[in-house]
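Here is a model to question.

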Amino acid sequence: MTGPSMLGQHSWPDLDGKAITLVVPLGSVEQHGPHLPLDADTRIAAAVADHVCDGSAGEDILRAPDLNYGASGEHEGFPGTISIGHDALRAMLVEYGRSACRWARRILFVNGHGGNTRTLIDAVSLLRYEGRDAAWYPCAFPDADAHAGFTETSVLLHVSPEVVDRGRAVAGNREPVGALLGAMRSGGVGAVSPTGVLGDPTDASAEEGRRLLDGVAGHLRTSLSSWVVDERGRLT
């Protein structure tokens, strides 16, 4: 990989007349247990975007600066979490897309936080209704545990090992998320896990993180080439 082609490093004549696909990492600032940083979701989305915007992807695929804030109200029981909520996030995404699509052919939001999904569907659906070629893509890993567990810890050990405090990694609530939704709707993640962990990070590994990230990024590369968008605005 030769490094991502970054939007901010260009001047406007560099982009004039080109059919640009703009890839925008979207994350959050929210608790990820005692062992992971608050920006874990943004780091994951950024890593996926870096993979698909490297020099081999072509000069017309650009990586935008990260969007660091999302809808994370379920984590607000923990210090450090900053959620802008669904309404503010929706407005930001819509106005971002409207502005970018004045010069970019397409825009893709690469989402690292599941709590942003409903808002992305709403915002991207509106952009598409208005005639803009927008889409979103989730950093969804197969058979992942829910939050700050084996999956996310493994990916962070691969992309940012220096921010993972393995000495503070402890297993959290490992029940299926479906069984926890009722309690989380009323009391947030803190109501079902005092550490904020949903899963077990203790056996996480950088090797597994590399495999997981390569899988998601590889699928996204293929999806960018075909550019098939479903009825919810998701790039398939």
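Q: Where is I84 found, and why is I84 called partly exposed?
A: I84 is found in the loop between β2 (61–63) and α3 (85–100). Helices (H or I, at least four residues) and strands (E, at least two) are DSSP runs, numbered from the N terminus. The relative accessible area of I84 is 31%. Buried means under 20%, exposed over 50%, and partly exposed in between (1.4 Å probe, protein chains only). So I84 is partly exposed.

Q: What are the ground rules of this model?
A: The model is predicted: local features need pLDDT of at least 70, side-chain atom pairs count only at pLDDT 80 or more, and totals for chains, interfaces and linings use all residues. Residues are numbered from 1 along each chain as its sequence is written, and side-chain values use heavy atoms, with hydrogens and water left out.

Q: What makes the nonpolar surface patch?
A: Y69, I82 and I84 make a patch of about 240 Å². Patches are made of residues with over 30% relative accessible area and no salt bridge; like charges are joined within 9 Å, nonpolar side chains (Val, Leu, Ile, Met, Phe, Trp, Tyr) within 5 Å. Areas come from the Shrake-Rupley method with a 1.4 Å probe; for residues, only the protein chains shown count as cover.

Q: What makes a set of residues a nonpolar core, and how many residues has the largest one?
A: A nonpolar core is a set of buried Ala, Val, Leu, Ile, Met, Phe, Trp, Tyr and Cys residues joined through side-chain atoms within 4.5 Å. The largest has 32 residues. L108, V110, L220 and L235 have the most contacts inside it. The elements that give two or more residues to this core are α2 (40–52), β3 (106–111), β4 (134–138), α5 (150–159) and α7 (206–226). α2 gives the most, with seven residues.

Q: Which residues is V110 in contact with, beyond its neighbours within four places in sequence?
A: Contact means heavy atoms within 4.5 Å. V110 is in contact with V23, V24, P25, L26, A45, V48, Y137, C139 and L220. There is also a second, separate core of 24 residues, including L89, A100, L120 and A123.

Q: Why is A217 called buried?
A: Its relative accessibility is 4%, so A217 counts as buried. A217 is found in helix α7. Leaving out residues up to four places away in sequence, A217 touches V48, H51 and V52. A47 is 170 residues away from A217 in sequence, yet their C-alpha atoms are 8.7 Å apart.

Q: How do you know that β1 is largely enclosed?
A: Six of the six residues of β1 (residues 21–26) are buried, so the strand is largely enclosed by the rest of the structure. T21, V23 and P25 cover one side. L22, V24 and L26 are buried on the other. In a regular strand the side chains alternate between the two faces of the sheet.

Q: What makes β1 a partner of β2 and of β3?
A: Two strands pair if DSSP finds at least two bridges between them. β1 and β2 have three bridges, in the parallel sense. β1 and β3 have six, also parallel. L22 has L62 in β2 as its bridge partner. L26 has N111 in β3.

Q: Why is β4 called largely enclosed?
A: Five of the five residues of β4 are buried, so the rest of the structure largely encloses this strand. β4 runs parallel to β3, and five bridges join them. N111 stands opposite P138 in β4.

Q: Why is the pair R63 and D66 called a salt bridge?
A: A salt bridge is a side-chain nitrogen of Lys or Arg within 4 Å of a carboxyl oxygen of Asp or Glu. The closest N and O atoms of R63 and D66 are 2.9 Å apart, so the pair meets this definition. R63 is buried, at 5%. D66 is partly exposed, at 27%. The whole structure has 12 salt bridges.

Q: What makes E95 and R98 a salt bridge, and where do they lie?
A: The closest N and O atoms are 2.7 Å apart. Both residues lie in helix α3, three residues apart, about one turn of the helix. E95 is partly exposed, at 45%. R98 is also partly exposed, at 26%.
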